[in-house]
2 protein chains.
Amino acid sequence: MVDIKSALADNARAVNDFLDGLLPMTSDPEARVIEAMRYAAMSGGKRIRPFLVTAGAALFDVTPSYALRVAAAVELVHCYSLVHDDLPAMDDDELRRGLPTVHVKFGEATAILAGDALLTLAFEVLAQPATHSDPRVRSDLVVELARAAGAEGMVGGQMLDLLAEHHRLSEQEVTRLQRLKTGALIGFACISGAILGKASDSARAALHAYAHDLGLAFQIVDDLLDVEGDPSEVGKNTGKDEAAGKATFVTLLGPERARHQSAMLAEQAIRHLDMFSDDADPLRGLARFVVNRRN
Amino acid sequence: MVDIKSALADNARAVNDFLDGLLPMTSDPEARVIEAMRYAAMSGGKRIRPFLVTAGAALFDVTPSYALRVAAAVELVHCYSLVHDDLPAMDDDELRRGLPTVHVKFGEATAILAGDALLTLAFEVLAQPATHSDPRVRSDLVVELARAAGAEGMVGGQMLDLLAEHHRLSEQEVTRLQRLKTGALIGFACISGAILGKASDSARAALHAYAHDLGLAFQIVDDLLDVEGDPSEVGKNTGKDEAAGKATFVTLLGPERARHQSAMLAEQAIRHLDMFSDDADPLRGLARFVVNRRN
């Protein structure tokens with residue numbers, strides 16, 4: 001058995017060290033934006049997406065330093081999305097990972113810029129020669145991350161989320177929203193190791209299917225924590241979906257069926273990994289961890 | 001002699017057509033963000049940065065369809081920066097190219113997302129195989145554009161601009177601000193043709209030097225138009241720098257010296273092109289156009 005908590009912690013430490021080196025403070029006056037980027041990127045989190053990258057890459061004997069760079073790039077995109085989503089014009093959140101959000105701490109303008117620069121930096125990291133000796137792999141990573149993050153991925157999902165304030169969504173619509181908003185980036189994280197390792201199409205398809213079910217399970221638990229979680233444990237204000245009158249998996253299914261569904265999806269995700277040996281145990285362990293987490 | 005106005009118009013038409021195809025409207029509910037992206041990207045403008053890309057690429061016999069894609073990517077980044085800079089939390093502008101700004105038309109949240117997606121799309125376009133047969137070139141383009149756009153480039157410059165509201169800048173500081181805020185992307189536009197054409201280091205250095213002087217000249221004229229321009233001609237509200245108490249080249253040098261300086265910089269930019277034949281006439285013509293423009 002994999003000790004998933006310590007595997008996550010080890011991976012998070014490596015990602016944090018990499019990000020620390022990537023965002024050096026300077027004495028230049030514009031370094032305020034780098035300060036805000038550091039605040040956004042280094043204030044903790046479980047680093048689940050980077051873990052998916054490195055655990056996926058391990059299946060194909062990818063050079064660990066390559067996987068770490070892609071893991072960091074995915075986390076930069078995730079952090080940028082949190083900074084922008086938390087803005088007053090968007091979800092207007094003041095607390096994130098138990099700390100004031102970036103715009104509360106640095107002001108709105110700096111938060112917008114810090115998000116922009118985190119997103120930009122992610123692509124720079126992917127395209128640099130240190131990410132893979134084969135430039136075709138680097139270009140492929142850029143294309144796939146851009147698709148996952150852009151208007152037909154994460155940004156499209158956030159757009160749907162904003163529109164949902166004016167229109168009560170069906171279960172099908174909520175599923176689509178989440179597939180874009182959180183699923184697309186989780187999908188990239190899960191297949192990026194296969195891109196780095198030039199894996200077979202069938203391996204890539206298996207990881208894609210794993211990501212699909214994992215992403216939904218993850219989101220259902222997020223919705224449950226928003227209803228049932230303790231803000232001090234979850235690290236952000238809870239009850240927000242309900243207050244906003246938003247349809248979520250919990251409002252649509254009820255908490256019991258939602259919890260059952262998340263467990264079922266996690267098991268289904270694990271079954272997609274059958275073609276892999278016990279090298280995939282970290283991915284299996286993560287699927288179980290995700291549905292049992294308390295924050 | 002090059003007819004620079006018609007050359008600009010021809011190039012703008014090609015860029016517009018490309019962007020039109022790149023941003024197809026769909027019936028998906030999240031297409032509202034694509035509508036906002038189209039509004040931001042296709043509402044005109046002289047397309048000076050794309051022109052620099054294609055005029056630079058023509059020096060090295062680059063396949064025109066490659067150059068067009070890079071030109072469009074640069075314009076996407078430029079348009080994203082305008083959308084975010086115009087936001088209420090930033091420069092709070094309501095008029096751009098004679099039309100309501102994106103956040104006035106679509107709301108702040110959609111404007112933030114549209115900017116994010118335009119930036120993301122630029123990297124997708126660069127990294128796709130159609131941009132160059134050699135993936136190393138595509139990766140290099142992504143790295144260089146990310147540097148030009150990120151915290152040590154355009155975003156850094158906008159950060160300085162925001163800080164300038166609380167601190168009166170010296171001429172040296174204004175120069176640095178503009179080198180980052182507008183100069184970095186103009187610099188990428190000018191050297192991208194050399195990257196596409198795998199040009200010599202000396203050719204690249206010459207284009208970099210041209211970009212440096214052109215960028216400053218461009219900005220000085222922008223500052224002059226903010227003071228002396230007619231809003232209906234300039235297409236945006238004028239007098240904003242003065243109202244904000246910001247130091248600009250005009251407040252620092254006075255309008256007469258500023259105009260003289262811009263003309264001198266344009267001539268200096270042109271001299272950097274001496275190593276090129278009359279193939280560089282469009283770049284020479286553009287430098288003269290930039291300092292003589294009325295909007």
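Reader: Is A130(A) buried or exposed?
Author: A130(A) counts as exposed, because it has 11 C-beta neighbours inside 10 Å. The cut-offs: buried is 20 or more other C-beta atoms within 10 Å of a residue's own, exposed is 12 or fewer, and partly exposed is in between, with C-beta atoms placed from the backbone.

Reader: Where does A130(A) lie?
Author: A130(A) lies in the loop between helix 6 and helix 7 (135–149) of chain A. Helices (H or I, at least four residues) and strands (E, at least two) are DSSP runs, numbered from the N terminus.

Reader: What separates the C-alpha atoms of A130(A) and R69(A)?
Author: 8.2 Å, with the two residues 61 apart along the chain.

Reader: What are the ground rules here?
Author: This is a predicted model, where local features need pLDDT of at least 70, side-chain atom pairs count only at pLDDT 80 or more, and totals for chains, interfaces and linings use all residues. Residues are numbered from 1 along each chain as its sequence is written, while chains are lettered from A and ligands numbered from 1 in the order in which they are written.

Reader: Now the interface. How many residues of chain B are in contact with chain A?
Author: 42 residues of chain B are in contact with 43 residues of chain A. Contact is two C-beta atoms, placed from the backbone, within 7 Å.

Reader: Which elements give two or more residues to the chain B side?
Author: Helix 2 (31–42), helix 6 (108–127), helix 7 (135–149) and helix 8 (154–163) of chain B. Helix 6 of chain B gives the largest share, 12 residues.

Reader: And by class, what does the side of chain B that touches chain A have?
Author: 27 nonpolar, 7 polar and 8 charged residues. Ala, Val, Leu, Ile, Met, Phe, Trp, Tyr, Cys and Pro count as nonpolar; Asp, Glu, Lys and Arg as charged; the others, Gly among them, as polar.

Reader: How can chain B be laid on chain A?
Author: By a turn of 180° and a shift of 0.0 Å along the axis, with an RMSD of 0.0 Å. That is the relation of a two-fold axis. The superposition is by least squares on the C-alpha atoms of residues with pLDDT of at least 70 in both copies.

Reader: Through which surface do the copies meet?
Author: The same surface, because 100% of the interface residues of chain B are also interface residues in chain A.

Reader: Helix 8 of chain B: how many of its residues are buried?
Author: 9 of the 10, so helix 8 of chain B is largely enclosed by the rest of the structure. Among the buried ones are M154(B), Q158(B) and D161(B).

Reader: What do they pack against?
Author: Helix 2 (31–41) and helix 6 (108–127) of chain A, together with helix 4, helix 7 and helix 9 of chain B.

Reader: At what angle do helix 4 and helix 9 of chain B pack?
Author: About 165°, with their axes 10 Å apart. That makes helix 4 of chain B roughly antiparallel to helix 9 of chain B. Axes are lines fitted to C-alpha atoms, for helices over the stretch in contact, and angles run from 0 to 180 degrees between N-to-C directions. Under 35 degrees is roughly parallel, over 145 roughly antiparallel, 65 to 115 roughly perpendicular, and the rest oblique.

Reader: Which residues meet there?
Author: Helix 4 of chain B brings residues including Y66(B), V70(B) and H78(B), and helix 9 of chain B brings residues including L185(B), F188(B) and L196(B). The contact divides into 9 nonpolar, 3 polar and no charged residues.

Reader: How many residues of helix 3 of chain B are buried?
Author: 10 of the 11, so helix 3 of chain B is largely enclosed by the rest of the structure. Its cover includes helix 1 (4–22), helix 4, helix 9, helix 10 (201–228) and helix 15 (281–292) of chain B.

Reader: Last one. What is phi of D61(B)?
Author: Near 50°, a positive value in a residue other than glycine. D61(B) is in the loop between helix 3 (48–58) and helix 4 of chain B. D61(B) is exposed, with 11 other C-beta atoms within 10 Å.
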